[in-house]
Amino acid sequence: MRSISFSTIVQAVAELCIRAACSLPEDVLQALQDASAQEHSPSAKAILQQCIVNAQLANSKHMPICQDTGFAILFVRVGSEICIEGSDLTSALQEGV
């Protein structure tokens, strides 16, 4: 049987949530840059540029890209040979979020 500590789960979930809220995937950032380069409307171009700047600031300062980052839905697979040390899995996931 394999044991995983409560704190290990909390830390991993917290790091994943922070990454999801603060770091836009490279392909999405590239798509924004490409769209900005091809955009003809000055106001649309300015909005796309602001989105790019916001994403870069969020990533560099480890802050959420926007204030409404939604809510977490976690899909977790746990084998029958796993033991959570210190508490239960649901509590660890909730604390990490």
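Four helices and two strands make up the secondary structure of the protein chain, in the order β-α-α-α-β-α from the N terminus; helices (H or I, at least four residues) and strands (E, at least two) are DSSP runs, numbered from the N terminus. The radius of gyration is 19 Å, well over the 13 Å that the globule rule gives for 97 residues, so the chain is more spread out than a compact globule. This radius is taken over C-alpha atoms, and the globule rule is 2.2 Å times the number of residues to the power 0.38. The model is predicted, with local features requiring pLDDT of at least 70 and side-chain atom pairs counting only at pLDDT 80 or more, while totals for chains, interfaces and linings use all residues. Residues are numbered from 1 along each chain as its sequence is written, and side-chain values use heavy atoms, with hydrogens and water left out.

Along the principal axes, the C-alpha atoms fill a box of roughly 60 × 20 × 20 Å. Of the contacts with a separation of 6 or more, 70% are between residues 24 or more positions apart, a contact being heavy atoms within 4.5 Å. The accessible surface is about 7,200 Å², and 57% of this area belongs to carbon and sulfur atoms (Shrake-Rupley method, 1.4 Å probe; for residues, only the protein chains shown count as cover). Buried residues account for 18% of the 97 residues, where buried means under 20% relative accessible area, exposed over 50% and partly exposed in between (1.4 Å probe, protein chains only).

Gln49 lies in helix H3 (residues 42–61) and is partly exposed, because its relative accessibility is 38%. Between Gln49 and Ala35, the C-alpha to C-alpha distance is 9.5 Å, at a sequence separation of 14 residues.
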